[in-house]
Amino acid sequence: QRRDVFHTSFLTPPIIAEAMLAIEKLADIKAVAQGGYPQAERCRISAGHPDSMRSDPDVVAALSISGNFRLEPCSHGDFLGAILGAGITREKVGDILLQGERGAQVLVDPELVDYLTSTLEKVGKVGVSCTQIPLLAIEYEPPRTKSFKTVESSLRVDAVASAGFKISRTKLGSMISSGDVRVNWSLVSKSGATLKAGDVVSVSGMGRLKRHSTSAGF
């Protein structure tokens, strides 16, 4: 009645899909999900009366966290940990795009820009500078997909993911410990977690794979 527009925090893909389906059933409500760039996984949903939603709301900001990471490489978990360590809650942070030796680009709630640019000074052991950048400056690669089949003794996440991403199970185990591996966008705490048909495994900086069926195709 007031023509207000409501904005959620950053949501994971399964919740976004469920929420958008629910909103579609409501009369006189328009919704849009935005994560800052076309392939964003974590997005914010804005919902309101169509008259109040003639343009996409400005609800996502981009930050560049730069430093010399050549000798001290940092993972997705390191950047996220530094942000959370500054007192920010997870739902205020969107995707984190690693840029190798240069650092990372991070999508956040615009309300946090001034605070993070003035307080974030270190990621791991590396001194950093944090600056706001336009959303158009975000560097991302369009997704490339391929299908494969693998024969594994089990459907444990470490066995399947190591085959899919072509890395050792030992390295994958350390990445799980570092918080860089997720199943259905939830952190994996144990290497022995079993994958079901339809499960999506994400490995920071490497991509993701989906188990298609009980025949173990991916």
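The structure you are looking at is a predicted model.

**The largest pocket**

- The largest pocket holds about 1,600 Å³ of space. Rolling a probe the size of a water molecule over the atoms shows where empty space is left.
- Its lining is made up of 43 residues. If you want to find the centre of the pocket, look for Glu 41, Val 203, Met 206, Gly 207 and Arg 208, which lie nearest to it.
- Four elements each supply at least two lining residues: strand E5 (93-98), helix H4 (157-165), strand E12 (200-203) and strand E13 (207-210).
- Strand E5 gives the most to this lining, with five residues.

**The domains**

- The domain assignment of the protein chain gives domain 1 (5-52), domain 2 (61-137) and domain 3 (157-211).
- Taken over C-alpha atoms, the centres of domain 2 and domain 3 are 23 Å apart. Six residues from domain 2 and five residues from domain 3 take part in the contact.
- Between domain 2 and domain 3, about 310 Å² of area is buried, and carbon and sulfur atoms give 47% of it.
- How many salt bridges cross the interface of domain 2 and domain 3? The rule finds zero there.

**Salt bridges**

- Side chains of opposite charge can pair when their charged atoms come close.
- The structure as a whole holds eight salt bridges.
- One of them joins the side chains of Glu 139 and Arg 102, at 3.0 Å from N to O. This pair links distant parts of the chain, 37 residues apart. Glu 139 sits in the loop between strand E9 (129-133) and H4, while Arg 102 sits in the loop between E5 and strand E6 (103-108).

Terms used. Residues are numbered from 1 along each chain as its sequence is written. This is a predicted model: local features need pLDDT of at least 70, side-chain atom pairs count only at pLDDT 80 or more; totals for chains, interfaces and linings use all residues. Side-chain values use heavy atoms; hydrogens and water are left out. On a 1 Å grid over the protein atoms alone, a cavity is a set of points where a 1.4 Å probe fits but cannot get out, and a pocket is an open set with protein on both sides within 12 Å along at least five of seven lines; lining residues have an atom within 4 Å of a point. Grid points are joined across faces, edges and corners, and a volume is the space filled by probe spheres set on the points. Domain bounds come from an automatic or database domain assignment. Contact means heavy atoms within 4.5 Å. Buried area is the accessible area (1.4 Å probe) that two parts lose on being put together, summed over both. A salt bridge is a side-chain nitrogen of Lys or Arg within 4 Å of a carboxyl oxygen of Asp or Glu.
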